[in-house]
Amino acid sequence: MYAFLPLGLRVLNKLTTLVDNEMDKIGAQKLLLPALTPVHLWKKTDRFKDNATELFKVKDRFDKEYILSPTYEETICTLVSSIGVLSPKMLPLKLYQISNKWRDEMKPRLGFLRSREFVMKDLYTFDGNLNHAQETYASVGEAYENIFKNIGVSCIKAVGDPGLIGGSITHEYHYVSNIGEDIVCVCSSCQYAINKTMTKELHCPQCKKPFLEQCTAEVGHTFLLNTKYTEPLKVLHKVNNVSTPLVMGCFGLGLSRIFTVMIEVLSTKEELRWPKNLAPYTVCIIPPKKGSKAENGSQYVNEIIEILDRLNIDAILDDRIHLSIGNRFMHARVTGFPYAIIIGQSIMESPPQVEIHNINDLTNCKVPLGNISTYFNSESIKT
């Protein structure tokens, strides 16, 4: 179990906003479901026995049994069912949440990759028939691809293993990483990919080229569930005066897993690396050391902050002026701020200049104060 400290929470919040924006584009509505799920619901769908060893189980004072939910298919179906029989005008219905989930892992390891408590986005969709559900499934898949594109770390979409959740169609999203627990077979020619557990073939079924096996970490999973949960939990809609079960989809994103794996993929042994748009702060401003020849350059700090504010670039000021510039620059690199603006000896030149370091790219340049906006506009930073 882990705590998100202030800088880490800023990263998670930026990732959450990125996901929220894509969910909004496809018409998904955000809600928050209770952490506790009554055990009898999991028994209705025959999932309780199969998952019993990984569930955190609790009892209230009346001996009623609950689980700390690792997933929410039963809960969301019960909620939608409580509304009554849905009208076709309400479909497709897309409901999602971003919340903590719990799993009693036998061997927790590698931070959030395999942990007892984790943060996940789960989207549940409901359609009137299988054809419409497949269209919804495809639209959510496009949203997921946009999410990973905006994160900026290459991701593999692979035919997946339905596991205990089930489903007629399922896809997994993977980051290539040595800390991963999966093997994905990828065709270097047509990019078709499939989890190794789902195939015994050595060649791609589409183009017959040989598979390349890659060690990966799963960070997302989508399922077209059909009526596996809606039928036993009576999630219904009415067609021609006949009530029939809705067709359901389930779409998960492990946000704390993405948090873990993307930094594992991007970082060096010495320094953290974040995607520029997800770093806790985009720019670290480092003013001169107290008592140094450039100390008067501190008068430009507010001007620099105002410039960055106008650009909608979030910045943090390292005001520990008892430390040297070099010491604070080292801390900026280790923490993973993508850029550092150093107010050093160059501030005494005419016109006054600052050093801007692109830490991720290991480049730097001197920039007049008036050209800071031009520099960052050319970098196309998203915050």
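Contact, as used in these legends, means heavy atoms within 4.5 Å. The model is predicted, so local features need pLDDT of at least 70 and side-chain atom pairs count only at pLDDT 80 or more, while totals for chains, interfaces and linings use all residues. Residues are numbered from 1 along each chain as its sequence is written, and side-chain values use heavy atoms, with hydrogens and water left out.

View 1. Ser373 lies in helix α9, which spans residues 372-379; helices (H or I, at least four residues) and strands (E, at least two) are DSSP runs, numbered from the N terminus. Leaving aside residues up to four places away in sequence, Ser373 touches Ile307 and Leu311. The C-alpha atoms of Ser373 and Leu311 are separated by 7.2 Å, although the two residues are 62 residues apart along the chain. With a relative accessible area of 23%, Ser373 is partly exposed, a class that falls between buried (under 20% relative accessible area) and exposed (over 50%), computed with a 1.4 Å probe on protein chains only.

**View 2. Aromatic pairs around Phe148.** The structure holds 14 aromatic pairs, where rings of Phe, Tyr and Trp (its six-membered ring) pair if their centres lie within 6.5 Å, and where planes under 30 degrees apart count as stacked, over 60 as edge-to-face and the rest as tilted. One of these pairs, Phe148 with Tyr173, is stacked, at 5.5 Å centre to centre and with 15 degrees between the planes. Because Phe148 lies in helix α5 (residues 130-151) and Tyr173 in strand β8 (residues 169-176), this pair ties together parts that are 25 residues apart in sequence. Phe148 and Tyr173 are buried. Phe148 also forms an edge-to-face pair with Tyr175, at 5.8 Å centre to centre and with 90 degrees between the planes. Tyr175 lies in strand β8 and Phe148 in helix α5, so the pair ties together parts that are 27 residues apart in sequence; Tyr175, like Phe148, is buried.

**View 3. An aromatic cluster and two arginines over rings.** Tyr2, Phe4, Phe112, Phe259 and Trp274 form one aromatic cluster. Arg10 lies over the face of Tyr281, at 3.8 Å from the ring centre, and the charged end of Arg333 sits over the ring of Phe329, 5.1 Å from its centre. A charge sits over a ring if NZ of Lys or CZ of Arg is within 6 Å of the ring centre and within 35 degrees of the ring normal.

**View 4. The two domains.** The chain is divided into domain 1 (6-266) and domain 2 (283-379), with bounds that come from an automatic or database domain assignment. The C-alpha centres of domain 1 and domain 2 lie 42 Å apart.
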